[in-house]
Amino acid sequence: MRVRVIIGVAVMVGAMFASSSPVQAVTVSVVELLADGESFSGQEVTVVGELVGDYGFRSDGRVWTQLNSDSYAIRPIVEGGPLRGSNIGLGIRMPADVVQDLDPPGRYRLVGPVVSVTGVWRYHDAQRQGESFLDVTSVVVQAPGRDLAEHPNWGVYAGALAFAAIAGVATVGYIRERDTK
Amino acid sequence: MLIRPAADDLRTIGSALGRILLVVAAASLIPTAWAVAGREWNPLGSFLLMGSVFVLLGVTLLRVSLAPRSTISTDQRHLDWSHGMVVVALTWLIVPLVGSIPFVLSGHYASILDAYFDAMSGLTTTGLALVQDLDHLASSLNFWRHLLHFLGGQGIIIAALLLFGGRGMVTLYRGEGREDQLLPSVRSTARAIWAIAAIHLVVGVVALGGVAWFVLGFSWQRSLFHGLMIFFAAFDTGGFAPQSTSLGYYHSAIFESVTAVLMVAGALSFAFHFRLWSGVNRAWMPATARFKARITRRFSGTADVEEFSFDDWRPGDRRTDGTLSLFRNLETRSILATFIATMVFTMVGLAALGIYTSVAGLSRQGFFQVLSAHTGTGFATVPSSELVQWTGLAFGGMAIAMALGGMASSTAGGVKALRVGLTVRAIANEVKGDLLPEGALVGTGYYQFGRRRLTPEVARSAMVVSLLFVALFLVGTGVAIGYGVPLGEALFESVSAGASVGLSVGVTSPTMPVLLKLTYIVQMYLGRLEFVAVFALIGFAYSMVRGR
């Protein structure tokens with residue numbers, strides 16, 4: 001488990017410093033893009049993160065999804081990962097053919113593929129009525145998506161059973177008492 | 001002299017509260033079934049636990065209300081005004097407490113307080129959230145978050161009324177901040193409210209799901225999921241979203257448009273919906289109402305008929321066109337005026353800041369955010385890190401829009417349009433009275449589903465609640481400032497919590513101080529119940545301790 005975490009962190013950090021894009025794109029984090037989006041407007045940037053949510057296949061041949069740059073892809077909560085605050089994500093648009101080879105996006109019990117995406121940062125894009133998003137031209141998979149095993153919490157079931165039994169007895173008692181009055 | 005409540009008072013309250021908790025227990029079966037269908041076993045366990053606790057609490061309260069020494073039988077017992085208010089106030093404290101059990105057990109919350117914060121936010125249809133890693137949350141838990149919006153927005157009490165009805169239940173109805181009585185009995189009004197909600201549910205989910213499937217290109221299962229979640233949050237002016245980037249996730253003007261229609265529908269009063277649908281000004285409406293009253297009297301005794309009033313249907317209404325007459329209402333005019341004013345403020349402010357370089361961008365982003373603020377929904381298409389840059393006039397427009405809120409008896413929070421209209425009208429009358437010669441008569445009438453008189457009592461009531469809201473906003477702002485939050489951000493977040501909006505400039509986060517979390521919880525609670533029920537609960541508790 002620890003080895004996998006170390007490898008994951010190394011992959012993400014490595015991708016941050018050494019972009020695999022043929023063009024010298026600036027490597028930034030999602031936090032930087034959101035905090036100071038205007039200064040990166042129109043620039044080619046590289047961002048690393050997990051794809052989450054849905055792949056939305058639009059009629060124009062593009063796919064929209066969300067890229068999260070937070071710790072949950074490496075250490076999911078289901079596997080005992082720590083809480084590190086809210087997700088930090090942004091919308092990305094990619095050509096549909098790129099998505100064919102990608103694993104499903106991250107959701108419950110599913111870690112999405114961790115990718116290094118390079119594209120143009122569209123800040124308050126006039127053609128999309130002020131939306132901000134990353135217009136992706138290349139995608140490099142850093143780590144494939146994976147299913148997460150969730151171990152049943154038997155303690156919760158035992159508690160539920162105990163409360164249900166007490167509630168059942170109380171209900172029967174109430175009905176009897178009510179009917180005798 | 002302060003009178004200590006009798007044991008029968010407590011039994012009356014316990015009996016009503018117990019029934020309501022059983023209604024919520026029944027509602028918790030829906031996410032339970034969802035978890036089974038989705039094979040989400042750990043959330044399933046937590047829903048079973050939550051449902052059992054609701055049943056146990058409900059049945060225990062009902063059993064206690066059957067105590068042998070009770071001088072009044074259950075059938076004879078009915079709620080008076082203070083009982084009803086206490087029941088409502090307690091319901092809105094207990095339901096989020098028990099309802100937060102699945103959140104606590106999910107591992108997505110740092111503490112029980114955080115889970116309670118989200119449950120209260122969901123039930124009060126606020127939409128501020130402390131959930132962590134929302135994008136990997138189980139779908140059944142996401143559904144429960146949104147169902148809390150639906151329960152809170154449509155009214156747990158309304159659901160209980162529908163099932164149990166009974167004498168004195170009208171006080172419960174009013175305790176939730178509702179005043180409109182659409183039909184002769186409270187029970188039939190509750191049925192009408194749920195019927196309106198059910199029709200919106202079907203139409204809304206089909207519309208949103210259809211857009212998600214056909215336009216956004218999601219799978220049909222996910223389209224249905226997103227459609228349902230966004231419907232709950234939009235129509236109940238809640239603001240939770242299934243993804244962490246809120247409505248910005250969808251990147252679609254069409255999806256935003258459908259959501260905007262539902263947000264507006266949620267901010268309209270149920271009386272407005274009812275009259276819009278039924279065409280109140282047609283001659284048959286009063287006749288129908290009379291017929292229903294006669295039927296009710298015939299088949300259910302006189303219990304609920306005494307609450308029936310024809311005040312809302314004046315003869316003059318029949319002469320006007322059906323839909324247009326709704327726009328004569330002071331409330332409708334007030335909300336239109338404040339919406340246009342805050343929209344202009346925000347647009348001019350954004351233009352001055354130069355945040356958006358295109359008119360289309362300015363219009364779409366500005367319009368959606370102001371609409372979201374004014375309806376009390378709290379959806380955002382821009383991240384909080386960007387919203388915090390909306391300073392000056394744009395900030396003023398947004399903050400005022402949030403504070404004013406939607407229509408009375410809607411799912412929206414805030415001061416409410418009718419109170420704003422009444423306050424402005426009362427002030428205008430005062431000014432007119434000062435300017436006109438002594439002895440001159442100043443008109444005190446206004447139109448709200450019929451001609452009404454603006455009496456000093458009505459004006460005072462509107463102003464007092466408005467002032468209480470201002471005080472609520474200032475207290476929250478003060479606490480945040482005490483923790484070093486800049487004034488503008490502190491005010492924005494406080495108004496958002498107190499007016500049940502849910503937009504955030506980033507102050508609300510799992511790492512914020514405990515006292516600030518508690519302050520926002522109290523603000524959400526007080527704002528949703530519009531103070532009266534909470535004051536009644538405090539008074540009741542005080543009289544139990546100090547009364548004789």
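Predicted model: local features only at pLDDT ≥ 70, side-chain atom pairs only at ≥ 80, totals over all residues.
Local features are given only at pLDDT of at least 70 and side-chain atom pairs only at pLDDT 80 or more, while totals for chains, interfaces and linings use all residues. Residues are numbered from 1 along each chain as its sequence is written, and chains are lettered from A, with ligands numbered from 1, in the order in which they are written.

**View 1. The layout of chain A.** Let's start with chain A, which has four helices and eight strands. Helices (H or I, at least four residues) and strands (E, at least two) are DSSP runs, numbered from the N terminus. Along the sequence they come in the pattern α-β-α-β-β-β-α-β-β-β-β-α. Of the 181 residues of chain A, 40% count as buried; that takes 20 or more other C-beta atoms within 10 Å of a residue's own, with exposed meaning 12 or fewer, partly exposed the range in between, and C-beta atoms placed from the backbone. Two residues are in contact if their C-beta atoms, placed from the backbone, lie within 7 Å. Among contacts in chain A between residues at least 6 apart in sequence, 62% join residues at least 24 apart.

**View 2. Where chain B touches chain A.** The contact takes 52 residues from chain B and 47 residues from chain A. On the chain B side, the elements giving two or more residues are helix 3 and helix 17 of chain B. Helix 3 of chain B gives the most, with 14 residues. By class, the chain B side has 23 nonpolar, 23 polar and six charged residues. Here Ala, Val, Leu, Ile, Met, Phe, Trp, Tyr, Cys and Pro count as nonpolar, Asp, Glu, Lys and Arg as charged, and the others, Gly among them, as polar.

**View 3. A373(B) and M402(B).** A373(B) sits in helix 17 (residues 359–374) of chain B, and A373(B) counts as buried because 32 C-beta neighbours lie inside 10 Å. Leaving aside neighbours within four places in sequence, A373(B) is in contact with M398(B), A401(B), M402(B), V501(B) and L503(B). A89(B) and M402(B) touch the most other members of the largest nonpolar core, which has 169 residues. The largest share of this core, 13 residues, comes from helix 3 (residues 41–64) of chain B.

**View 4. Helix 23 of chain B.** Why is this helix called largely enclosed by the rest of the structure? Because 12 of the 16 residues of helix 23 of chain B are buried, among them L516(B), Y520(B), M524(B) and R528(B). What covers these buried residues includes helix 4 (81–99), helix 21 (456–482) and helix 24 (532–546) of chain B. Just after helix 23 of chain B, E530(B) takes a positive phi of about 55°.

**View 5. Helix 6 of chain B meets helix 7 of chain B.** D118(B), A119(B), G122(B) and L123(B) in helix 6 of chain B meet R145(B), L148(B), H149(B), L151(B) and G152(B) in helix 7 of chain B. By class, this contact has four nonpolar, three polar and two charged residues.

Note on methods
Core = buried A, V, L, I, M, F, W, Y, C linked by C-beta atoms within 7 Å.
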